[in-house]
Amino acid sequence: MARVIVYYSSVAGNVKIKKEQTRVQDLLKAKGIEYELVDLAQDDKAKEYMKSKSGKTVIPQIFVDGEFKGE
């Protein structure tokens, strides 16, 4: 099974970002897709990894088996 990771922030102050993060999680749950959450507010190394792989800083971001799939 593919490993799905959602990069997000637990301290996002922007309402749009909070809604988008919730929407992504709700969609994955509805589809029965297991995923792991990585909180960028708690993990600077993960933040750098995400930026280096996707070239973007927008959150949330979805990775499947280490490959950037979208925001």
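1. Two strands count as paired if DSSP finds at least two bridges between them, and a strand is itself a DSSP run (E, at least two residues), just as a helix is a run of H or I with at least four, both numbered from the N terminus. With that in hand, look at strand β3 (residues 61-64) and strand β4 (residues 67-70): they run antiparallel and are joined by 3 bridges. This is a predicted model, in which local features need pLDDT of at least 70 and side-chain atom pairs count only at pLDDT 80 or more, while totals for chains, interfaces and linings use all residues. Residues are numbered from 1 along each chain as its sequence is written, and side-chain values use heavy atoms, with hydrogens and water left out.

2. Stay with this hairpin for a moment. Isoleucine 62 faces glycine 70 of β4, and phenylalanine 63 stands opposite phenylalanine 68, also in β4. There are 2 residues between the strands, and aspartate 65 takes a positive phi near 50° in this hairpin.

3. Four strands make an open sheet in the order β2-β1-β3-β4, and the pairing is mixed. At the edges are β2 (36-39) and β4, each of which pairs on one side only. On average, neighbouring strands are turned by 30° against each other, direction ignored; axes here are lines fitted to C-alpha atoms (for helices, over the stretch in contact), and angles run from 0 to 180 degrees between N-to-C directions.

4. Which strands does helix α1 lie across? Helix α1 (residues 15-30) lies across β1, β2 and β3, and runs at about 165° to β1. Helix α2 also packs on the sheet, touching β1, β2, β3 and β4, with its direction at about 80° to that of β3. Contact means heavy atoms within 4.5 Å.

5. The aromatic rings deserve a look. Rings of Phe, Tyr and Trp (its six-membered ring) pair if their centres lie within 6.5 Å; planes under 30 degrees apart are stacked, over 60 edge-to-face, and the rest tilted. By this rule there are 3 aromatic pairs. Tyrosine 7 and phenylalanine 63 form an edge-to-face one, at 5.1 Å centre to centre and 75° between the planes. Because tyrosine 7 lies in strand β1 (residues 4-8) and phenylalanine 63 in β3, this pair ties together parts that are 56 residues apart in sequence.

6. Phenylalanine 63 has another ring partner. Its ring centre is 6.2 Å from that of tyrosine 49 and the planes are at 40°, so this pair is tilted. Tyrosine 49 belongs to helix α2 (residues 44-54), 14 residues away from phenylalanine 63. Together, ring pairs link Tyr7, Tyr49, Phe63 and Phe68 into a cluster.

7. Is phenylalanine 63 buried or exposed? Phenylalanine 63 is buried, at 1% relative accessibility, because buried means under 20% relative accessible area, with exposed over 50% and partly exposed in between (1.4 Å probe, protein chains only). Tyrosine 49, at 32%, is partly exposed.

8. Finally, the cores. A nonpolar core is a set of buried Ala, Val, Leu, Ile, Met, Phe, Trp, Tyr and Cys residues joined through side-chain atoms within 4.5 Å. The largest one has 8 residues: Ile5, Tyr7, Val38, Leu40, Ala46, Met50, Ile59 and Phe63. Both β1 and α2 supply at least two residues each to this core. A second, separate core of 5 residues includes Val4, Val6, Val24 and Leu28.
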